[in-house]
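User: I have not looked at this one before. Can you walk me through a few parts of it?
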Amino acid sequence: MPFITNEQQSQMLANGTARARGEAVDPLPVVKLYTLDAGAVWLLTELDADGDRAFGLCDAGTGSPELGHVSLSALEGVRGPRGMRIVADPHFKPHQTLSGYLADAQRDGSIND
């Protein structure tokens with residue numbers, strides 16, 4: 001996947017495996033994806049064993065961020081209003097767990113990190 005590094009993929013797979021085993025997990029987001037020409041943001045924590053279905057906080061820029069799954073391969077084909085691709089933020093450093101980001105995003109109506 002061009003969005004995530006091998007290290008990020010390994011961490012996301014480990015988080016996904018823990019959740020699949022029924023463990024209560026509230027990890028730090030591993031990767032932040034965003035649109036360059038629109039207001040969409042994804043803070044992803046987990047990856048299914050298929051290596052494509054990711055889980056995290058999804059903000060389509062409509063004022064209703066929510067937890068959910070997203071296909072990384074589907075995101076590869078998404079373009080913003082000016083035709084720009086979704087990219088990973090190479091400078092993203094999480095400062096709280098996913099539940100903290102969710103609470104802030106629901107209060108603010110968007111992911112503000």
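Predicted model: local features only at pLDDT ≥ 70, side-chain atom pairs only at ≥ 80, totals over all residues.

User: Start with β1. Which strands does β1 pair with in the antiparallel sense?
Analyst: β1 pairs with β2 over four bridges, in the antiparallel sense. β1 also pairs with β5, residues 86-88, over three antiparallel bridges.

User: What joins β1 to β2?
Analyst: A hairpin of five residues makes that link.

User: Why is β1 called largely enclosed?
Analyst: Because four of its five residues are buried.

User: OK, new topic. Where is D37?
Analyst: D37 is in the loop between β1 (31-35) and β2 (41-47).

User: Is D37 buried or exposed?
Analyst: Buried, because its relative accessibility is 9% and the cut-off for buried is under 20%.

User: What does D37 touch, leaving out residues up to four places away in sequence?
Analyst: G80, P81, R82, G83 and M84. The C-alpha atoms of D37 and G80 are 5.6 Å apart, although 43 residues separate them along the chain.

User: Which backbone nitrogens does the side chain of D37 reach?
Analyst: The D37 side chain reaches the backbone nitrogen of R82 at 2.7 Å. A polar atom of that side chain also lies 3.5 Å from the backbone nitrogen of G83.

User: Last one: P2. Buried or exposed?
Analyst: P2 is exposed, at 67% relative accessible area. P2 sits in the segment before α1 (6-20), and its C-alpha is 9.1 Å from that of L72, 70 residues away in sequence.

Methods
Residues numbered from 1 in each chain as written. Heavy atoms only, no water. Helix = DSSP H or I, 4+ residues; strand = E, 2+ residues; numbered from the N terminus. Buried < 20%, exposed > 50% of the residue type's maximum accessible area, 1.4 Å probe, protein only. Contact = heavy atoms within 4.5 Å. Polar contact = N/O pair within 3.5 Å; in protein donor to acceptor, adjacent residues only side chain to side chain. Pairing = 2+ DSSP bridges.
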